[in-house]
Amino acid sequence: MMQHDKPQPLLRVENLAVSFDGPAGRVRAVNGVNLSIYPGQTLGVVGESGCGKSVSALSTLQLVPTPPGRFESGSIWWNPTPGSPGSSPESSTKSSETSSETGSDPVSLSQPVDLLKYSEKQMQKIRGNDIAMIFQEPMTSLNPVYTVGEQILEAILLHQKVSRSQAVDIAVQALKDVGIADAASRLRVYPHQMSGGMRQRVMIAMALACQPKLLLADEPTTALDVTIQAQILELLRKLQAERGMSIMLITHDLGVVAENADVVAVMYAGRVVEYGSVHDVFENPLHPYTQGLFDSMPILGSSKHRLRTIEGNVPNPADLPSGCPFHPRCRSYAGDQRCTASDPPLHEITPDFREHWASCWHVDGHEQGKATRPDVDVVTQIHA
Amino acid sequence: MEPILSTLPQRRSRWRLNTGMLGAVLLLGIALPCLLSLPWSLKLYDAQDYTLINTAPGSTFWMGSDGLGRSLGWRCLLGGAISLGIGISAAIISVGIGVTWGTVAGYAGGRIDALMMRIVDVLFGLPYILLVVLLDLALSPFVEHVAKWMMPDTWAVQLSQLLTLLIAIGGVSWLTLARVIRGQVLSLREQPFIEAARACGVGRVRTFWYHLLPNLVGPIVVYATLTIPNAILQESFLSFLGIGVQAPMPSWGNLASEGTEQLASIGLTGSFTRWWLLVWPCVLLGLTLMGLNFVGDALRDKLDPRSRKSHR
């Protein structure tokens, strides 16, 4: 895989830094995050609560409340027509429609645009249409005073120039696509009359009704029980395979990542500490934090032993340790100066020509590695 | 397809135990006669017959007559129209100001919110009745001037009195509602479905009108139906103090206060209790307040889909 004939990523987050002004002063929730998502790819973003996963996703849609939030630096490049072989003909006609609607950015056909520079008006055209988002709480993510149908129709009518009856057809189809039986009559049902799994399906139907190219799934299954969780993930995989859309799957469940993601970004304290294809990261985790995460996972069928935990707690983002923010909890840390002195950059670690990034002074090959942009263009066929 | 459809939950009948319907019937049964009889009651409320003072309800006066020989029936009808008019208008004014104030403060947040809510706190701190009296006094010349410019003088004086009264009551009773609404907006705007709506590309203004405001309908309706009886009571209290509806004009409030005075004079005159002077306005007022509460309850149930029974 040569560098120059790589297709363009659909979304590239560059050096994103977001901070929040709070009573304890300015807190950097996201600190120099780099990510990229290719068409048809699923990027799994893993990390503990408060490590900046959700803020990264919300930033993509400019949904971070400002104030107190602030975009300190970085850009989010959006390239709706990266010209990859995976993009279907319908999606390309749709994107030309959007760009003619938007009008103000005729370059969007080939040139990536910086979503952080978009105005609220321009973002409204992107939200739900090109990039959709589903949230963690299906219980409260639907407006209780409207029927499910009205809410799906709203999403469709906002972005597509169709009549109401056509929109109803689209909505019914969207509900059928997410496996809701008797879709037409379900449109007239209020959210509280549905179960959690059903509501999350409705959320997915709403998000996908406008055929987005990228779906930001912020812990879509955390609030659901395990069987429903499996169904929802299966559904996302199926819909992704049908439509060739990309998914940014935010989770703290490594099992979910293993089954669904092509590429993994492990985040800690607002930065990406390890990045690589799901295969590489799971086979050969490099960063001590990632290793710690795997050690704390029970393995089915192994003999009974105590799981290893990562000692200590997530640092307070207002008061991060000096140098590498992970060093107080790190098992590789042995009092070395470099860990406390400076934050290790995310370097490409390339043994065996793999594309694998990690930010730890202790990783073999980190010093020789280059600080390249983490960029893995694989769509693993784990789905089949 | 058919059998599946038939097993689907049917929407339940809206008027279950029909307290709502009962309330509506009560209200209409009282309000309609009051309003429809206005052309006659306005002429007859003041007609005196000194030969028929303090007659008990019977064939001549079906609700009795008062100490000046005026028909209590006509006076109750006009008084009802005035009381209801003041109550409803004051409630509309109060809900209008309260909802606007509360939503703007809650949605804007930050300094605007702090400033607006401190104003509410200050107004809360002042004695309520004092505020009404001050507002009433401050407004009355202005309202009278405007009214005189628009209609014949005799009408204008009486109407401007009512207008200042209802503006004063409405202008003071929105404070609680503003606080309640602001609290609701504060919690609602952090709700995931508001964020989800924005993530769908819904604009801020539409989010406010289409997603936030309908969720406030419940508290607004409940408060409005509670504000109407409250305003009616305020009006009667002010009339009792002599600031409200003035002498020849009746309202349920001042009719009741006249009745109370008559009740107190039983022992002195030695005559029978003039119960009708107190009972009729009180019964009418009580039934109206009850009807309003029933209707408010039913409206809340109807407008809030969460209180419809869930069927999983």
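The buried residues of helix H7 in chain A are A:Gly197, A:Met198, A:Arg199, A:Gln200, A:Arg201, A:Val202, A:Met203, A:Ile204, A:Ala205, A:Met206, A:Ala207 and A:Leu208. The model is predicted. Twelve of the 13 residues of H7(A) are buried, so this helix is largely enclosed by the rest of the structure.

What does the covering? The cover over the buried residues of H7(A) includes strands S6 and S7 of chain A. It also includes helix H4 (148–159), helix H5 (164–177) and helix H8 (226–243) of chain A. H7(A) itself runs from residue 196 to residue 208. It lies across S6 and S7 (214–218) of chain A, at about 170° to S6(A). Its length agrees with expectation, because 13 residues at 1.5 Å a residue should span 18 Å and the end C-alpha atoms of H7(A) are 18 Å apart.

Follow S6(A) into the sheet. Eight strands of chain A form an open sheet with mixed pairing. Their order is S6-S7-S8-S3-S9-S10-S12-S11. Which strands are at the edges? They are S6 (131–134) and S11 (347–348) of chain A, and each pairs on one side only.

Now take a loop of chain A. A:Ser49 is in the loop between strand S3 (42–46) and helix H1 (53–60) of chain A. Is A:Ser49 buried or exposed? It counts as exposed, because it has 9 C-beta neighbours inside 10 Å, and a residue with 12 or fewer is classed that way. From A:Ser49 to A:Ile76 is 27 residues in sequence and 23 Å in space, C-alpha to C-alpha.

Step back to chain A as a whole. Its secondary structure comes to twelve helices and twelve strands. The chain has 384 residues, and 48% of them count as buried. Take the contacts in chain A between residues at least 6 apart in sequence: 67% of these join residues at least 24 apart.

Chain B is built from 14 helices and zero strands. Of its 312 residues, 38% count as buried. Among contacts in chain B with a separation of 6 or more, residues 24 or more positions apart account for 70%.

One helix of chain B deserves a look. Helix H6 covers residues 128–150 of chain B and has 23 residues. From its first C-alpha to its last it reaches 31 Å, close to the 33 Å expected at 1.5 Å a residue. Where is its kink? A kink of about 40° lies at B:Ser140, shortly before the proline B:Pro141. The buried residues of H6(B) are B:Val132, B:Asp136, B:Val143 and B:Ala147. In an α-helix, residues three or four places apart point the same way, because there are 3.6 residues a turn. What covers the buried residues of H6(B) includes helix H7 (153–172) and helix H11 (217–241) of chain B.

Finally, the two chains meet. How many residues of chain B are in contact with chain A? There are 23, and they touch 26 residues of chain A. Helix H1 (2–7) and helix H9 (192–199) of chain B each supply at least two residues of the side that touches chain A. H9(B) gives the most to that side, with seven residues. By type, the residues on this side of chain B divide into twelve nonpolar, seven polar and four charged.

Definitions and conventions: Residues numbered from 1 in each chain as written. Chains lettered and ligands numbered in written order. Predicted model: local features only at pLDDT ≥ 70, side-chain atom pairs only at ≥ 80, totals over all residues. Contact = placed C-beta atoms within 7 Å. Helix = DSSP H or I, 4+ residues; strand = E, 2+ residues; numbered from the N terminus. Nonpolar A, V, L, I, M, F, W, Y, C, P; charged D, E, K, R; others polar. Buried ≥ 20, exposed ≤ 12 C-beta atoms within 10 Å, placed from the backbone. Pairing = 2+ DSSP bridges. Axes fitted to C-alpha atoms, helices over the stretch in contact; angles between N-to-C directions. Expected span 1.5 Å × (residues − 1). Bend = angle between axes of the 7 residues up to and from the residue.
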